[in-house]
Amino acid sequence: MFETKGILTKGTLKKAGTDMISIVKFVFRLMGLAFLAIAIIAGISDASTSIAQSQVQLQPLGQLLFGLFPDTFPILQPAIERHVHPALWDPVLLTLMTWPVWAVAAPLGLGFLWMGARRGRIQPQFA
């Protein structure tokens, strides 16, 4: 007699929230795997360049980003200082730009994987 398709109940809201959390966790896991792949590729690239030149060569993140985005990378500093906070650029991002790509991408990947991890319920075990 009454149709309840359009009515949101407590159970459907809980399911919708659970579905959204699982989608966000999936995106975090995907981003984590992508950052880990970037870290591995950058590490292999640095290792092969170091072997070829017989000295340690690590590509900094800033050099890579400037090579990928030569037109927009120079305006990054004024944009962050003006619109976000000036202290974010100098001590934080400037330091990260001098680190090797793998040293920045690997912790980011691990962090995203940790945030997107599936956490199972702890089942009580009785004797």
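Modeller: Let us begin with burial: a residue is buried under 20% relative accessible area, exposed over 50%, and partly exposed in between, with a 1.4 Å probe and protein chains only. By that rule, buried residues make up 17% of the 127 residues in the protein chain. This is a predicted model, in which local features need pLDDT of at least 70 and side-chain atom pairs count only at pLDDT 80 or more, while totals for chains, interfaces and linings use all residues. Residues are numbered from 1 along each chain as its sequence is written, and side-chain values use heavy atoms, with hydrogens and water left out.

Colleague: What makes up the secondary structure of the protein chain?

Modeller: Helices (H or I, at least four residues) and strands (E, at least two) are DSSP runs, numbered from the N terminus. The protein chain has five helices and zero strands, in the order α-α-α-α-α from the N terminus.

Colleague: Why is L110 called exposed?

Modeller: L110 has 52% relative accessibility and therefore counts as exposed. L110 belongs to helix α5 (residues 101-115). Its C-alpha atom is separated by 6.1 Å from that of G32, 78 residues apart along the chain.

Colleague: Why does S54 count as exposed, and what is its phi?

Modeller: The relative accessibility of S54 is 68%, so S54 counts as exposed. S54 sits in the loop between α1 (10-53) and α2 (61-68). Its phi is positive, about 55°, although S54 is not a glycine. Most residues other than glycine have a negative phi.

Colleague: Which residues make up the largest nonpolar core?

Modeller: A nonpolar core is a set of buried Ala, Val, Leu, Ile, Met, Phe, Trp, Tyr and Cys residues joined through side-chain atoms within 4.5 Å. The largest one has six residues in all: A42, L61, F73, M97, V101 and V104. Contact in general means heavy atoms within 4.5 Å. Leaving aside neighbours within four places in sequence, M97 is in contact with P60, L61, G62, L65, F73 and L76.

Colleague: How are α3 and α4 placed relative to each other?

Modeller: Axes are lines fitted to C-alpha atoms, for helices over the stretch in contact, and angles run from 0 to 180 degrees between N-to-C directions. The axes of α3 (residues 76-83) and α4 (residues 86-98) come within 7 Å and cross at roughly 140°. The contact is made by L76, Q77, I80 and E81 of α3 and P86, L88, W89, L93 and M97 of α4.
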